Amino acid sequence: MGSQSDWPTMKCAARVLDQLGVEHDDRIVSAHRTPDRLHAFGKGAADDGFKVIIAGAGGAAHLPGMIAALTHLPVLGVPIQSRALSGLDSLLSIVQMPAGIPTGTLAIGEAGATNAGLLAASILALSDDALARRLQDWRAAQTGTVAETPSDK
Ligand SMILES: Nc1c(C(=O)O)ncn1[C@@H]1O[C@H](COP(=O)(O)O)[C@@H](O)[C@H]1O
């Protein structure tokens with residue numbers, strides 16, 4: 001994520017990865033404020049054993065695109081809900097990549113972070129049958145929590 005202030009949102013991705021038993025590494029890396037850290041992380045990510053990168057950033061959210069420029073690994077971008085423009089700035093910064101350097105773009109805020117975790121797990125589950133089963137169980141459990149009728153009817 002681009003800042004410590006993104007962590008309350010990005011925690012949602014970490015939480016779902018924990019629930020699915022997926023190992024993750026949570027870091028603050030900023031294209032603007034820590035460009036050398038960004039470069040080292042992006043260049044080294046594949047060799048360091050990362051498989052999927054979830055990048056959350058707000059405002060002028062260049063982080064996901066810049067990481068995608070530095071690695072062939074899949075990059076999932078989470079637009080953080082900014083105060084000034086409610087995350088529309090973050091969303092457009094992440095989604096409008098030039099052809100050739102893709103970032104998968106999720107919804108703004110906590111739903112996007114949760115879904116980024118689930119999508120990362122789905123990608124990893126392509127080559128991990130045990131994780132695929134855990135993901136199916138997670139979804140079945142979620143389905144089980146949805147009542148057929150409203151509770152205050
Ligand atoms: N968009 C970026 C990048 C980047 O794209 O590299 N680095 C930090 N930021 C964003 O700035 C916002 C405000 O950060 P502060 O709360 O630290 O001022 C955060 O949402 C962060 O993701």
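A: Gladly! Around the ligand there are 16 residues, and those that come nearest are Gly-2, Ser-3, Ser-5, Ala-31 and Gly-58; a residue is near a molecule if its C-beta atom, placed from the backbone, lies within 6 Å of it. This is a predicted model, in which local features need pLDDT of at least 70 and side-chain atom pairs count only at pLDDT 80 or more, while totals for chains, interfaces and linings use all residues. Residues are numbered from 1 along each chain as its sequence is written.

By class, the shell around the ligand holds six nonpolar, eight polar and two charged residues. Here Ala, Val, Leu, Ile, Met, Phe, Trp, Tyr, Cys and Pro count as nonpolar, Asp, Glu, Lys and Arg as charged, and the others, Gly among them, as polar.

The UniProt record (unreviewed entry) lists Ser-3, Asp-6 and Arg-33 under "binding site"; such annotations may be inferred rather than shown by experiment. These residues are spread over 31 residues of sequence, yet they cluster in space, with a largest C-alpha distance of 14.4 Å. Ser-3 sits in the segment before α1; helices (H or I, at least four residues) and strands (E, at least two) are DSSP runs, numbered from the N terminus.

Axes are lines fitted to C-alpha atoms, for helices over the stretch in contact, and angles run from 0 to 180 degrees between N-to-C directions. On the α1 side, the contact includes Thr-9, Met-10 and Cys-12, and on the α5 side Glu-110, Ala-113 and Thr-114 are among the residues met; contact means C-beta atoms, placed from the backbone, within 7 Å. The residues of this contact divide into nine nonpolar, three polar and one charged.

Helix α5 (residues 110-125) also packs with helix α6 (residues 129-144), at an angle of about 140° and with axes 8 Å apart. Ala-121, Ser-122, Leu-124 and Ala-125 of α5 meet Leu-131, Ala-132 and Leu-135 of α6. That contact has six nonpolar, one polar and no charged residues.

Now for the sheet. Three strands form an open sheet in the order β1-β2-β3, with parallel pairing; two strands pair if DSSP finds at least two bridges between them. At the edges are β1 (53-58) and β3 (104-105), each pairing on one side only. Six bridges join β1 to β2 (residues 75-80) in the parallel sense, and Ile-54 stands opposite Leu-76 in β2. Helix α4 (residues 88-95) lies across β1, β2 and β3, and runs at about 160° to β2.

Notes. Contact = placed C-beta atoms within 7 Å.
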